[in-house]
Every structure is written in C-alpha cells, then in structure tokens.
Amino acid sequence: MFNDSPFDVSRRGLLCAGFAALVGAVLMPRPASARENDAAKLRIGVIGAGRIGGTVGGLWVKSGHPVLFSSRHPDELQDLVAKLGPLAQAGTVAQAIAFGDALFVAVPYGALPRLGQDYADALKGKIVLDAGNAVAARDGAIADEAERSGIGITSQKYLAGTRLVRAFNTLSYLILAREANRPPPRLAIPIAGDDAAAMQVAAELVRDAGFEPVTVGGLADASRFQRGRPGYGQAVTAAELRQTLSLSP
Ligand SMILES: NC(=O)c1ccc[n+]([C@@H]2O[C@H](COP(=O)([O-])OP(=O)(O)OC[C@H]3O[C@@H](n4cnc5c(N)ncnc54)[C@H](OP(=O)(O)O)[C@@H]3O)[C@@H](O)[C@H]2O)c1
C-alpha cells in the first residue's frame with residue numbers, strides 16, 4: 001500500500017531575485033460565467049505545489065490548462081514553473097484562488113483548517129479538488145477527526161462553502177507521474193463529491209491529467225478511499241477499482 005508519510009522538501013534554495021515583481025501580473029480573475037462548461041480551458045489554481053500539487057498541476061499544464069502554482073513561499077516555485085513553460089505561473093495562495101476556475105488543494109492535511117479560515121470569503125463557491133490525506137504523525141488531532149467523521153465530511157467542514165471533490169489522494173505522486181496518459185486501460189482515480197457540476201469538472205480534469213475517473217459517491221463515500229481503506233493505494237484500472245469497491249460498471 002502507498003504510504004503517504006511526511007517528507008522534507010528542500011526548495012528554499014530556489015529563491016530568485018525580482019521574482020515577486022513578476023507574480024501578480026496576468027493574474028486577473030475572470031468573471032464567473034460559463035467557464036465550467038469549457039473544461040479544456042479551465043484555469044487551475046494549485047494550493048500546495050509540492051510533490052502531489054507539482055506533479056498533478058504539471059500534468060494539467062501539459063494538457064493545455066493554464067495553472068497557477070502557489071504555496072506560502074511562491075518565490076521557491078520559480079524553477080517548477082520555468083520547466084513547465086508559459087502556461088505555468090507561480091503566485092500566492094490568494095492569487096491561486098482568484099485565478100482558478102477550479103482549485104487543487106494539496107497541502108499537509110493539518111493546514112486545512114487555517115487555509116479555510118484565512119481564505120473563507122475567496123473560497124466560497126469555488127470548485128475544489130482536495131488530495132489531502134490525514135496522517136496522525138504529521139497532522140495531529142485532525143487525523144482522528146478524519147478517521148471518525150470520514151475525510152470528505154472533514155474536508156468540507158474546514159473548506160466550508162466550497163464545491164468540494166475528493167480526488168488524487170490515493171496514489172503516490174511517483175506513480176501518477178509514471179502512469180499518466182498510459183495506453184488504455186488507464187489508471188483509475190476515485191473521486192467523490194456532493195456537487196454534481198463540480199464532480200463533472202473533476203472527472204474531466206482527471207481525464208485531462210491522463211487517468212480514468214471512478215465516481216465512488218458523495219463526500220460521505222470518500223471514506224471508502226481514504227488512507228487505510230480498501231480504495232486507497234490501488235494502482236489499478238477503473239474496472240478493477242469498481243470491482244474492489246462493489247460499484248456498478
Ligand atoms: N506525496 C504524495 O505522493 C501524495 C499523494 C497523495 C496525496 N498526498 C497528500 O497531499 C498533501 C500534500 O502532500 P505532498 O507530499 O505533496 O507534500 P509536500 O511535498 O510537502 O508539499 C506540500 C505543499 O504545501 C505547501 N503548504 C504547506 N502548508 C501550506 C499552507 N498552510 N498553505 C499553503 N501551502 C502550504 C508547501 O509549500 P510551503 O511550505 O512553501 O508553503 C508545499 O508546496 C498531503 O495532504 C498528502 O497527504 C500526497
């Protein structure tokens with residue numbers, strides 16, 4: 001099983017003079033109209049551009065999506081966006097939220113409550129794909145809550161007002177990087193959410209990243225593929241995952 005343990009990422013050496021002056025340009029939010037119908041051109045804001053955020057965000061860039069990568073230290077993302085080319089840019093968390101028609105949240109799970117609190121207004125109504133896993137050793141008490149209440153319900157509690165979909169939490173970024181866009185049958189990515197339109201967008205974004213979405217159910221069902229559960233860590237096809245989770249084909 002994929003063991004999503006804490007990991008020390010050293011990106012502090014990537015500071016680039018003058019970078020702060022570059023971010024902020026071209027980050028104008030678009031009016032909230034008709035964008036969700038055009039998934040091919042959706043702009044994506046990545047919050048937490050580490051291993052999973054950097055990897056999945058990079059796959060979206062490769063498929064033609066403009067992506068704004070963010071973290072608390074956007075100056076350290078210069079290298080990542082330079083490698084990905086003109087569709088990729090880096091900025092602050094606030095800029096990513098304003099930029100994204102859809103957001104991808106890939107921060108340590110313990111950071112979720114603060115994120116939801118600090119950006120409550122900006123996050124309202126946003127489609128959010130949440131890839132976080134609750135790991136007791138790293139995330140503390142919230143891991144117990146996620147275990148007790150189910151991770152979909154817990155994420156929605158802390159990212160209140162968002163149109164939340166659980167996605168991309170079950171497999172290592174290394175597997176995702178290696179298996180994206182492989183010849184059919186593609187690798188399955190389980191998704192769960194309560195907002196039908198957000199689920200449609202998430203399914204499209206899973207396809208654009210090079211995988212096959214498998215709808216498991218609503219947010220309460222996201223527990224079926226949270227850490228330690230049967231749908232977690234399954235590097236399998238959609239048909240195999242549906243069989244494991246007793247979902248209809
Ligand atoms: N690694 C995997 O293969 C994998 C797979 C599936 C799911 N996940 C889950 O995805 C999440 C991220 O894991 P990861 O391995 O990608 O971690 P990581 O490599 O350590 O990256 C975490 C990112 O989040 C940023 N960050 C941390 N706290 C933040 C905050 N309060 N606000 C905004 N950004 C913040 C970090 O940058 P700064 O420190 O500069 O802010 C960094 O860019 C975790 O919940 C993990 O369980 C990981």
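**Figure 1. Pro190 stands opposite Val214 of strand S9.** In this predicted model, local features need pLDDT of at least 70, and side-chain atom pairs count only at pLDDT 80 or more, while totals for chains, interfaces and linings use all residues. Residues are numbered from 1 along each chain as its sequence is written. A second bridge pair to look for is Ile191 with Thr215 in S9. Strand S8 (residues 188-193) and S9 run parallel here, joined by five bridges; strands count as paired if DSSP finds at least two bridges between them. Helices (H or I, at least four residues) and strands (E, at least two) are DSSP runs, numbered from the N terminus.

**Figure 2. S8 is covered on both faces.** In a regular strand, side chains alternate between the two faces of the sheet. Ala188, Pro190 and Ala192 are buried on one side of S8, and Ile189, Ile191 and Gly193 are buried on the other. "Buried" means 20 or more other C-beta atoms within 10 Å of the residue's own, "exposed" means 12 or fewer, and "partly exposed" is in between, with C-beta atoms placed from the backbone. S8 also pairs with S7, this time antiparallel and over two bridges, and Val165 faces Gly193 of S8.

**Figure 3. Eight strands make an open sheet with mixed pairing.** Read across the sheet, the order is S4-S3-S2-S5-S6-S7-S8-S9. Strand S4 (88-91) and strand S9 (212-217) sit at the edges with a single partner strand each, so one side of each has no neighbour in the sheet. From one strand to the next, the twist averages 25°. H2 packs on the sheet, touching strand S2 (44-47), S3, S4 and strand S5 (102-105), and its direction makes about 165° with that of S3. Helix H11 (residues 196-209) also packs on the sheet, touching S5, strand S6 (127-130), strand S7 (163-166), S8 and S9, with a direction about 165° from that of S8. These angles run from 0 to 180 degrees between N-to-C directions, using axes fitted to C-alpha atoms, for helices over the stretch in contact.

**Figure 4. Helix H2 (residues 51-62) is mostly covered.** Of its twelve residues, ten are buried, among them Ile52, Val56, Leu59 and Val61. From first to last C-alpha, H2 reaches 16 Å, close to the 16 Å expected at 1.5 Å a residue; that expectation is 1.5 Å times one less than the number of residues. Just after H2, look for Gly64, which takes a positive phi of about 105°.

**Figure 5. Trp60 lies in H2.** Why does Trp60 count as buried? Because 24 other C-beta atoms lie within 10 Å of Trp60. Leaving out residues up to four places away in sequence, Trp60 touches Ile44, His65, Val67, Leu205, Asp208 and Ala209; a contact needs C-beta atoms, placed from the backbone, within 7 Å. Trp60 and Ala209 are 149 residues apart in sequence, yet 5.4 Å apart in space, C-alpha to C-alpha.

**Figure 6. Ser70 is found in strand S3 (residues 67-70).** Ser70 is buried because 27 other C-beta atoms lie within 10 Å. Beyond its neighbours within four places in sequence, its contacts include Val46, Ile47, Ala90, Gly91 and Gln95. Val105 is 35 residues from Ser70 in sequence and 9.9 Å from Ser70 in space, C-alpha to C-alpha.

**Figure 7. The shell around the ligand has 28 residues.** Gly48, Gly50, Ser71, Arg72 and Gly132 come nearest to the ligand. H2 and helix H5 (112-118) are the elements that give two or more residues to this shell, and H2 gives the most, with three. A shell residue has its C-beta atom, placed from the backbone, within 6 Å of the molecule. By type, the shell holds 14 nonpolar, nine polar and five charged residues; nonpolar covers Ala, Val, Leu, Ile, Met, Phe, Trp, Tyr, Cys and Pro, charged covers Asp, Glu, Lys and Arg, and the others, Gly among them, are polar.

Note on methods. Two residues are in contact if their C-beta atoms, placed from the backbone, lie within 7 Å.
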